[in-house]
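Q: I have a model open and would like to learn how to read it. Could you walk me through it, one feature at a time?

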Amino acid sequence: MPDTANLEIGDDKYSLEIITGTEQEKAIDVSRLRKQSNHVTFDDGYGNTGSCESAITFIDGDKGILRYRGYDIVELAEKSTFLESAYLLLYGVLPSRSDLEAFKQLVGGYCDLPEEVVQVVHAQPKNAHPMAVLSSGLQALGGVYPQFCTNDRKKDLEAFDQSAALIISSVRSIAAALYRHVNGQALPKAHSDRSYCGNFLSMMFAQGDGGEEVPESVQNALDLIFLLHADHEQNCSTSTCRMIASGGANPFASLAGGVSALWGPLHGGANMAVIMMLNEIHESGDDGSRFVESAKQGKSRLMGFGHRVYRNYDPRAKILKSACDQALAALGVSSPILEIARKLEEVALEDSYFIERKLYPNVDFYSGIILQALGFPTDMFTVLFAIGRTPGWLSHWKEIAETGKKIHRPRQIYQGETLRSYLSLENR
Ligand code: SDX
């Protein structure tokens with residue numbers, strides 16, 4: 001395969017280097033194109049643009065492959081846990097038993113939310129969206145630990161083990177605090193000896209002093225969801241985190257931005273939109289066929305379907321689809337919307353509109369059904385996505401801070417008014 005690409009613009013010829021990744025992905029390096037040719041590239045939505053070289057997560061969208069630091073998501077889903085996979089993403093290796101225990105202790109040590117952060121959560125308008133509260137809570141958390149967010153990369157990297165554990169622990173506590181606040185309840189004390197998910201579920205739903213332990217099967221269902229969401233290379237919110245990190249800002253600022261980017265219905269907000277779509281179909285008495293027709297006519301979107309990268313089944317959706325049965329059985333609940341989801345998938349996957357556009361279920365299509373069965377309110381689903389994605393976002397902040405990449409500053413093609421003279425008021 002050639003290692004250069006030749007570009008001709010008029011009579012001028014340019015030779016551009018071809019970069020090859022460890023999984024044989026190819027990229028044409030245009031880093032010097034403007035200097036050489038006075039041209040920039042244009043790629044609306046960055047669908048054909050590699051913004052960076054990264055060693056964290058690999059996706060093959062055509063084959064439906066997802067790997068964290070080289071480990072396949074199917075194997076991790078079967079054998080690993082959320083915190084172990086978080087460690088893998090952060091540090092690039094699976095932890096030894098002692099390292100994993102130490103990491104769990106570090107995360108567990110931060111499970112009680114600082115009072116200042118609780119106050120920020122309580123100060124939010126009651127109808128503020130949970131994602132807005134989470135983003136504010138993260139910034140407030142940084143304010144409680146100024147030594148972890150100095151915006152001096154060297155210092156912030158030295159503090160990273162502590163700040164990463166603090167943030168991974170606190171995003172679930174902020175989520176529980178906002179849920180309790182909206183329901184007029186105090187946030188119970190955390191139990192640092194419990195699992196990450198066991199603690200979170202108690203903080204969310206336990207009555208009284210939160211004494212009872214949540215059944216392991218329920219903890220495992222949530223742990224799997226967090227693990228599957230832990231990273232996904234350069235998606236909209238992770239690229240936002242990297243953009244903010246490239247300016248030298250600290251992890252709290254970077255993740256507060258990532259939360260805001262994830263909020264949108266085309267991205268992390270899709271898991272909420274899927275449940276609302278399935279409930280709407282259920283209430284209308286449609287088995288899904290009518291809805292698919294409306295999606296094909298562009299009147300609606302089949303939320304939870306389609307993906308910028310996957311042109312095959314999202315491997316996370318496959319895992320979640322089978323996990324639905326186990327989770328619902330363990331919880332002893334049935335879900336009418338699960339049958340609708342299955343029917344929607346069956347109809348869509350046989351329909352030429354979806355086949356031609358390579359639209360398959362993505363991670364959001366089934367996740368909400370499990371979250372609903374676990375008792376989470378729909379408007380918190382994207383917060384749960386953010387909790388899962390936190391280790392990934394932190395890993396990308398660290399990769400930018402360690403590699404010292406220059407600030408991200410894309411170019412544009414200006415299409416506005418050309419030069420014109422000022423018109424005084426009388427002449428307008
Ligand atoms: C996530 O990037 C990541 O990695 C994200 C994520 C992660 O882990 O971080 O995987 C998480 O965000 C998953 C995606 C969640 N979003 C949804 O489920 C929302 C519904 N899906 C779409 O809106 C859409 O598929 C996107 C946004 C996910 C991808 O959009 P693209 O790649 O920009 O594709 P497009 O909008 O240009 O659509 C191409 C065609 C269009 O039809 P034509 O103009 O060619 O006729 O496919 C159609 C679209 O109308 N299409 C859909 C559709 N998705 C695309 N038609 C009906 N229903 C859909 N869901």
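This is a predicted model: local features need pLDDT of at least 70, side-chain atom pairs count only at pLDDT 80 or more; totals for chains, interfaces and linings use all residues.

Q: How many aromatic pairs does a search of the whole structure find?

A: Rings of Phe, Tyr and Trp (its six-membered ring) pair if their centres lie within 6.5 Å; planes under 30 degrees apart count as stacked, over 60 as edge-to-face and the rest as tilted. Here the search finds 17 aromatic pairs. Take F200 and F226: the ring centres are 6.3 Å apart and the planes lie at 40°, so this pair is tilted. It links distant parts of the chain, with F200 in helix α9 (residues 196–205) and F226 in helix α10 (residues 216–228), 26 residues apart. Helices (H or I, at least four residues) and strands (E, at least two) are DSSP runs, numbered from the N terminus. F200 is buried, at a relative accessible area of 0%, and F226 is buried with 0% too. F365 and Y366 also form a pair, and that one is edge-to-face, at 5.0 Å centre to centre and 85° between the planes.

Q: Which residues do ring pairs link into a cluster?

A: The cluster joins F82, Y179, Y196, F200, F205, F226 and F376.

Q: Why is helix α19 described as largely enclosed by the rest of the structure?

A: For a helix, compare burial along its length: 21 of the 23 residues of α19 are buried, so the rest of the structure largely encloses it.

Q: And what span should α19 have?

A: The expected span is 1.5 Å times one less than the number of residues. With 23 residues, α19 (residues 381–403) should span 33 Å, and its end C-alpha atoms are 33 Å apart, which agrees.

Q: Where does α19 have a kink?

A: The bend at a residue is the angle between axes fitted to the seven residues ending there and the seven starting there. In α19 a kink of about 45° lies at R389, shortly before the proline P391. After the helix comes G404, with a positive phi near 60°.

Q: Which residues come nearest to the ligand?

A: A residue is near a molecule if one of its heavy atoms lies within 4 Å of it. Of the 21 residues around the ligand, H232, R301, H307, R316 and R389 come nearest. For polar contacts, look for a pair of N or O atoms within 3.5 Å. A polar side-chain atom of H307 is 2.6 Å from a ligand oxygen atom, and one of R357 is 3.2 Å from a ligand oxygen atom.

Q: In what sense do strands β1 and β2 pair?

A: Two strands pair if DSSP finds at least two bridges between them. Strands β1 (residues 4–9) and β2 (residues 12–20) are antiparallel, over six bridges. They form a hairpin with two residues between them, and G10 in the turn has a positive phi of about 60°.

Notes. Residues are numbered from 1 along each chain as its sequence is written. Side-chain values use heavy atoms; hydrogens and water are left out. Buried means under 20% relative accessible area, exposed over 50%, partly exposed in between (1.4 Å probe, protein chains only). A polar contact is a pair of N or O atoms within 3.5 Å; within protein, one must be able to donate a hydrogen and the other to accept it, and residues adjacent in sequence count only if both atoms are side-chain atoms.
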